[in-house]
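Here's a walk through one protein model, going from a single residue out to the sheets and helices. Keep the 3D view open while you read.

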Amino acid sequence: MIFIGGAGGLADAARAIRQRQRDLNRRIELSNQRRRLRKLNREPVGDYEPERAEFHCAFLCGACDFFLPPRDDDNTMPACACPSCGESEWIDLGLEPAAGRIRDMEAEARMQAPPHIKRAVLFTSLSFFILVFSVCVLGEFFAPDYFSPSLVEGGIFFSLVGGVLLVPLLYYVAPRPLSVLWLKRQTRLPHRWHVPLPLPAPHAAPEKTLAEMSAQPLGETITAPVSGRECIAYEICVLFDTPGDARPAEWVLQEQGGVALTLNGELELQPGSYYLESPVEPIDTPGLSLNGSISAAPSARYKAFKRFLRQRALFITDGDFHVYEACILPGDSVDVEAFEGPMYVLRHTNAPERGDLPRLPRPLFPGH
Ligand SMILES: [Zn+2]
């Protein structure tokens, strides 16, 4: 058994929590809108029966975007509180009106630049023309040798015309491309996420670190949802993009699943008690090319992927979906950090650092 340093992981965790706090603000903004959706979960009035998906779907927390994955054998509203935020109002994504409303809200949000970017464009452009105007007027009084009448007239004309015509034009045109550039530099949480909780506290040091442990399932393996690989644990991340909107490609889904496992035959971990931190890699989706185009005759796995997305209120025809996955296969060698809880963080031995949380890579912007 070899002990390894955990400083890198600790720094990651601290950055991760700060990022999570920032993203919480975005979620609070959304939560007010989501509350309106909750009424869709209520009993129908009169003869109205909301349309449902043909299969069981996930339940989404209206406040923080955490979701409970669909269960094959049970479609009842969960009675538990959200393990992320403690709210206990779930949105049933199987209801078509609820899923459709979320889809519309997210599509609308993607077309809008963040308000602070709009304000920055307005402030900067107005300030520029006011500055030109002020310099010309003041220059005429205090430095007439340098500011000839024609220069002053030209400057005033430029600032007035610019202020009236160019400021509204810039305000209308510039925020969207600036928003894409700005958001490309951000790491944002995915729109739907399901990982074991609670994650280690911001400054928690691992109680124990173990290296080069061989993982084996304690019972049956689990099937990774998109690649179909038989594994002990998986993480699937989905990057989504629609050209021409005010957002770069962004993570819309992060989901982890796994079964009970044993490490070197001496440590047993139960599902939900370990977080998989290995880097995700792009995978091809049968029937769907990596740039999202649909083949003429969708394969069974394409249909399964479409269903997988719909169960999480994502719609395959809305844009380009790029799927990333990490799997622990039976016999894989992993490094482990054990935290209070207990909560374990697993990473493939020799896997590169992941960077900021949500321990997702930055969007790769395929094709750019
Ligand atoms: Zn929640």
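## Starting at I328

Leaving out neighbours within four places in sequence, I328 is in contact with A215, C231, I232, A233, L276, V334 and L346. Contact here says that the C-beta atoms of two residues, placed from the backbone, lie within 7 Å. Before going further: this is a predicted model, where local features need pLDDT of at least 70, side-chain atom pairs count only at pLDDT 80 or more, and totals for chains, interfaces and linings use all residues. Residue numbers start from 1 along each chain as its sequence is written.

I328 also shows up in the largest nonpolar core, which has 63 residues; L60, L93, V238, I328 and L346 have the most contacts inside it. A core of this kind is a set of buried Ala, Val, Leu, Ile, Met, Phe, Trp, Tyr and Cys residues joined through C-beta atoms within 7 Å. Strand 8 (residues 233-241) brings the largest share of this core, at seven residues.

## The chain as a whole

Zooming out, the protein chain comes to six helices and 16 strands. These are DSSP runs numbered from the N terminus, with helices being H or I of at least four residues and strands E of at least two. Of its 368 residues, 31% count as buried. Buried takes 20 or more other C-beta atoms within 10 Å of a residue's own, exposed takes 12 or fewer, and partly exposed is in between, with C-beta atoms placed from the backbone. Among contacts with a separation of 6 or more, 75% come from residues 24 or more positions apart.

Pairing calls for at least two DSSP bridges between two strands.

Strand 8 and strand 14 (residues 320-328) run antiparallel and are joined by nine bridges. That brings us back to I328, the bridge partner of A233 in strand 14. Over in strand 9 (residues 250-258) you'll find G258, which is buried, with 26 other C-beta atoms within 10 Å. Not counting residues up to four places away in sequence, G258 touches I222, I232, A233, Y234, P271 and Y274.

A second open sheet runs 11-10-5-15-16-12, six strands with mixed pairing. Strand 11 (267-269) and strand 12 (274-276) stand at the edges with a single partner strand each, so one side of each has no neighbour in the sheet. Here the twist averages 35° from one strand to the next.

Strand 15 (residues 333-339) and strand 16 (residues 343-348) are antiparallel, with six bridges joining them. One of the pairs is F339 with M343 of strand 16.

## Helices 3 and 4

Helix 3 (residues 115-142) packs on helix 4 (residues 149-173) at an angle of about 170°, with their axes 9 Å apart. Therefore helix 3 is roughly antiparallel to helix 4. For the cut-offs, under 35 degrees is roughly parallel, over 145 roughly antiparallel, 65 to 115 roughly perpendicular and the rest oblique. Axes are lines fitted to C-alpha atoms, for helices over the stretch in contact, and angles run from 0 to 180 degrees between N-to-C directions.

The contact includes L122, F129 and F133 of helix 3 and I156, F158 and L166 of helix 4.
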